[in-house]
Amino acid sequence: MTHSGLVARVLIESPLPQLDHLFDYGVPTELVGQVAAGMRVKVPFRSGGRVVDAYVIEVLDPRSARPRSESETDVAFRGALSPLESVVSSAVVLTPEVWKLARRLADRAAGNASDIIRLAVPPRQVRVEKAWLAAQAVAAALSTGTEPADPGPSPVTMGLAAPAFVGYPTGRLDSVIMEHHRVAVAAIPELTQLIDGSTIGRWAQTLAELAVATVSAGQSAILCVPDFRDQDQVQAALAQLAPTLPLCRVDARQPNPDRYRAFLACLEPAPRIILGNRSAVYAPAHDLGLIAVWDDGDPLYSEPLSPYVNTRDAALVRQQDSDCALVFLGHSRSVETQRLVELGYLTEVNPAADRHPRIIPTDFQSEPDQQARAARIPSAAWQAAREALVHGPVLVQVASPGYAPMLACQSCKKAARCTHCQGPLGLKSASAVPSCRWCGALAAGWTCAHCEGTKLRVVTLGTGRTAEELGRAFPGARVIVADGEHTIQTLGAQPALVIATRGAEPVPTGGYRAILILDGERMLARESLRVAEDCLRWWANAAALAAPGAPVLLAGVGGALARALNSWRPDSFAAGELADRRQLRFPPAVRVASVTGTAPDVDAALADLVAVVGLDILGPVDTEAPLVRAVVRFGYARGDEVAHALKAAVVRNAATRRKSKSGSFQPPPTLKVRFDDPELL
């Protein structure tokens, strides 16, 4: 191959931290005009004829007068350049906006940009891509020389009625779109019926109206929701409001060809609505005008893969880069959003009228019988369910799926554990053999490790056991179970007892005639900094499914949490939680990072932080032998310094594990860094 003189700067697809920078390759003469920024290419790497995948970030002409930046000079190779091996495809799949976002987020979390890009760009589907490129070529040929000087409004957006944003102050949400504001919007907690007779949450209609207003203004909108149930509601609202608008649904549940086809459609230079889960925030979008996130406190927005960036953080960074509108919509408010509101970074938008469900905490009611007060379902809740069941469906929200998810020894009352992995034992049905919830091993001949007892007792009741008991208590009533194993998204208006876990509640036509929220004490017993915030969000979302005036009974929970739900003031509760965390220096008042590895590796990483002012280091403490973990707390202003120092430690640690020339075994790197882990404290 002959060298053309052009240089392609590429990012190699690799999880290795020491390769997280740009590499320079020469562009062969035969590939001139075929290589552009954003394309997939193959490049030679090291020796032995090894070829790896990469993305072209930019193509440079060293003969031009453009000076390199300081960062480019640091990594630029000054010797003879290896040539590119080949161009995988002419499709430009990595846009400059998404690359900039990936680089910023990776640097903020001390991670690799390629790990972010892996979420943003789906795996290539050759047939889908070839068909798309052919269609783009035909469209380009037809439009050559035929485009008028002033094309006017898009045919897709013509005739669209302006969204009314019913329930909010006049002009309040319109200005968000037109002036690109950043807002925290309190969702209206009620259901709305579509023309086809189906029922969705009012929040879904609000989200759809925001998207339609954005596309009507000639810009694209990204809508992020936690799971497929929420996506279906928003899609139903969009189908009624603007069925002709281009909609791309990007969802990991889609077949790979459909997912890639939707991704390629997002690359087209036209305004559209992009709807998806946590990875939708990385989707390419032409002239982005809105990023809207529904229920940003949901743990499904926490990315389980390195560098573990939460959708909320990605949306905040992308909004800064794109200068678009940013909306956080929810029935409750996360503490992270509350912090941004108090800083003045987000503006509050509340409904025009204070309408909310009728919440009745049973702890606030006088109950003369001590046993009745301690019952899982108080007598007031029984009575409300009995009366409501005559008129329509009744929702009973419980903590756990399954039949009896937790068992204990009948003699000593200690939790029953699996003899293989020490996981908790449970029952899948009344006639099932006890089995481990972790490894699935059967425990037919179980013996207690503490007292050698052989009999088990039920400690917690799941959806199956609750449905069995309520079926006996309400003979003749239709009983429906909705949980992770039984997916039911919609429900008619006929009477039924619906036993559901949090987040899996079906949306009923006209709303539930009564809602019973059980196992509140069990939900609050989970060891987590966010447990109260999560419970308020679960219960508020369930209460929003109630019919107008229907009672929502919260069993076994009192105090500030019950008062916040009763008065429907989740913002006040979030403000109180944030004040407590500021006193304790807990997130989000400060940022945190966990450093995990062997003791020498962790000590070496922490030594790099000595020069950073204002740090608070907890630990190291033992985790899984031989690993230890330290927690670093720091202010937001020190985030770049801490991330840079810890990334350098990770790179150094990985580089020391290279295979030696003698061929002796080198253990894999153990040092891992995670920023802003929601379950760290």
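Modeller: Start with the second largest cavity. Its lining is made up of Asp295, Asp296, Gly297, Leu329, Gly330, Ser332, Arg333, Ser334, Glu533 and Arg537. Two elements, β13 (325–330) and α15 (531–543), each give two or more residues to that lining. Keep in mind that this is a predicted model.

Colleague: What makes a residue part of the lining of the second largest cavity?

Modeller: An atom within 4 Å of a cavity point. Glu533 and Arg537 are among the residues that line the second largest cavity.

Colleague: How does that lining divide into nonpolar, polar and charged residues?

Modeller: One is nonpolar, four are polar and five are charged. Gly counts as polar here. The volume of this cavity is about 50 Å³.

Colleague: What is the volume of the largest cavity?

Modeller: About 90 Å³. Its lining includes Leu119, Pro122, Val250, Arg259 and Phe263. Both α3 (113–120) and α8 (256–266) give two or more residues to it. The lining has eight nonpolar residues, one polar and two charged.

Colleague: How many cavities of 30 Å³ or more are there?

Modeller: The count is four.

Colleague: Now helix α6. Why is α6 called largely enclosed?

Modeller: Buried means under 20% relative accessible area. In α6, 14 of the 15 residues are buried, so the rest of the structure largely encloses this helix.

Colleague: What comes just after α6?

Modeller: Glycine 218, with a positive phi of about 90°.

Note on methods. Residues numbered from 1 in each chain as written. Predicted model: local features only at pLDDT ≥ 70, side-chain atom pairs only at ≥ 80, totals over all residues. Heavy atoms only, no water. 1 Å grid on protein atoms, 1.4 Å probe; cavity = no way out; pocket = protein on both sides within 12 Å on 5 of 7 lines; lining within 4 Å. Points joined across faces, edges and corners; volume = space filled by probe spheres on them. Helix = DSSP H or I, 4+ residues; strand = E, 2+ residues; numbered from the N terminus. Buried < 20%, exposed > 50% of the residue type's maximum accessible area, 1.4 Å probe, protein only.
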